[in-house]
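Work through the exercises below with the coordinates open. Try each task before reading its solution.

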Amino acid sequence: MFNLTFSYNLNKDLDNYLNAIYKFRYLKHGRKNIEKTVSKYLSQQELTKIKTSKNKKVATLEIKKILLKWLAKNQDLINLNQKSLTESWNTRQDKFIAFSEEFFEKKFNLLPVTAYFTTLPICPYYYPDWFMISIKEGLEGQLHTIYHELFHFMFIKHYGNYCNNKHLTQLEFESIKEALTVFLMTPPFNKINTLYEQGYPQEQELRQFMLKSYQQNHKFISLLNNSIKWVKNNQEVISNI
């Protein structure tokens, strides 16, 4: 039985700041203003202290001060969010699993996953163990993050090796993985997902191609094979990931 638990881990949140604020190390997927976006919850003073730190050790100390100050005032919010999100997810979990099995044509046999809260709006993941959810988003956005990240996990688990055997580069694989979340806005997922996902700039054309391709026979492997051909023939479109 799949199990998703919610938790806050100071070190996980701190690492997210190091990778997104101190030095941006995530894939940008064509997002030109991503570094400004991820810092929107920080004051200019806090942002300056982190970004001008002379080394990672100093940056870590500055970030820890910020987080401990926030935690001292908001531990109750973490507890309440954990409770409310658990309840909301539990009412949707069975449907999401059933919809995912139908779409991917595979069993939803993921290992237990932990969703860690972060105080930033960017939510990285580490397959197959964990992903992050922004505690500063509303429940609707947090649920969408769950759907989005578990979509990634299902794709990696059941089709990662298949894509590797097709000799996809990391860039090509990442483009397909991210573009696939466009289906979270289509039936049957739109029965539980009520948040519109714009998607990343780099995958806009691929997302539209996928929607048209899937209409042909509603078979995931056909969709994947067509998408592989598309990324191989459109390197210039996905070349700035």
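Predicted model: local features only at pLDDT ≥ 70, side-chain atom pairs only at ≥ 80, totals over all residues.

**Exercise 1. Classify a ring pair.**
Find how the rings of Phe-24 and Tyr-26 are arranged, and state whether each residue is buried or exposed or in between.

Solution. 
- Start with the whole structure. A search there finds 28 aromatic pairs.
- Take the geometry next. The ring centres of Phe-24 and Tyr-26 are 5.8 Å apart, and the planes stand at 85°.
- Apply the cut-offs. Centres must lie within 6.5 Å, and planes over 60 degrees apart count as edge-to-face. The pair of Phe-24 and Tyr-26 is therefore edge-to-face.
- Now the accessibility. Buried means under 20% relative accessible area. Phe-24 has 17%, so Phe-24 is buried. Tyr-26 has 23%, so Tyr-26 counts as partly exposed.

**Exercise 2. Find a charge over a ring.**
Over which ring does the charged end of Lys-23 sit?

Solution. 
- Look at Tyr-22. The charged end of Lys-23 sits over the ring of Tyr-22.
- Read the distance. From the charged end of Lys-23 to the centre of that ring is 5.4 Å.

**Exercise 3. Trace the salt bridges.**
Count the salt bridges. Then describe those of Glu-35, Glu-174 and Glu-178.

Solution. 
- The total is eight salt bridges.
- Begin with Glu-35. Its side chain meets that of Lys-28 in a salt bridge, at 3.2 Å from N to O.
- Check both ends. Glu-35 has 35% relative accessibility and counts as partly exposed. Lys-28 has a relative accessible area of 34% and is also partly exposed.
- Lys-28, Glu-35 and Lys-51 are joined in a network of salt bridges.
- Move to Glu-174. It forms a salt bridge with Lys-177, where the closest N and O atoms are 3.1 Å apart.
- Note the spacing. Glu-174 and Lys-177 are three residues apart in helix 6 (residues 170-179), so about one helical turn separates them.
- Glu-174 is buried at 12%. Lys-177 is buried at 1%.
- Finish with Glu-178. It also forms a salt bridge with Lys-177, with the closest N and O atoms 2.9 Å apart. Glu-178 is buried, as is Lys-177.

**Exercise 4. Describe the largest pocket.**
What is the volume of the largest pocket, and which residues lie nearest its centre?

Solution. 
- The volume is about 1000 Å³.
- The lining of the largest pocket has 34 residues. Nearest the centre lie Arg-31, Ile-122, Cys-123, His-148 and Tyr-200.
- Sort the lining by element. Helix 2 (34-38), helix 5 and helix 6 each supply at least two residues. Helix 5 gives the largest share, six residues.
- Sort the lining by class. There are 12 nonpolar, 12 polar and 10 charged residues.

**Exercise 5. Describe the second largest pocket.**
Which elements give two or more residues to the lining of the second largest pocket?

Solution. 
- Take the space first. The second largest pocket holds about 180 Å³.
- List the lining. It has 13 residues, with Thr-186, Pro-187, Pro-188, Tyr-214 and His-218 nearest the centre of the second largest pocket.
- Name the elements. Helix 4 (56-104) and helix 7 (204-214) give two or more residues to this lining. Helix 4 provides the largest share, three residues.
- Divide by class. The lining of the second largest pocket has eight nonpolar, three polar and two charged residues.

**Exercise 6. Relate two residues along the chain.**
How many residues along the chain separate Leu-67 and Asp-13?

Solution. 
- Leu-67 has a relative accessible area of 1%, so Leu-67 is buried.
- Compare sequence and space. Leu-67 and Asp-13 are 54 residues apart along the chain, and their C-alpha atoms are separated by 8.3 Å.

Terms used:
Residues numbered from 1 in each chain as written. Heavy atoms only, no water. Phe/Tyr/Trp six-rings, centres within 6.5 Å; stacked < 30°, edge-to-face > 60°. Buried < 20%, exposed > 50% of the residue type's maximum accessible area, 1.4 Å probe, protein only. Lys NZ or Arg CZ within 6 Å of the ring centre and 35° of its normal. Salt bridge = Lys/Arg side-chain N within 4 Å of Asp/Glu carboxyl O. Helix = DSSP H or I, 4+ residues; strand = E, 2+ residues; numbered from the N terminus. 1 Å grid on protein atoms, 1.4 Å probe; cavity = no way out; pocket = protein on both sides within 12 Å on 5 of 7 lines; lining within 4 Å. Points joined across faces, edges and corners; volume = space filled by probe spheres on them. Nonpolar A, V, L, I, M, F, W, Y, C, P; charged D, E, K, R; others polar.
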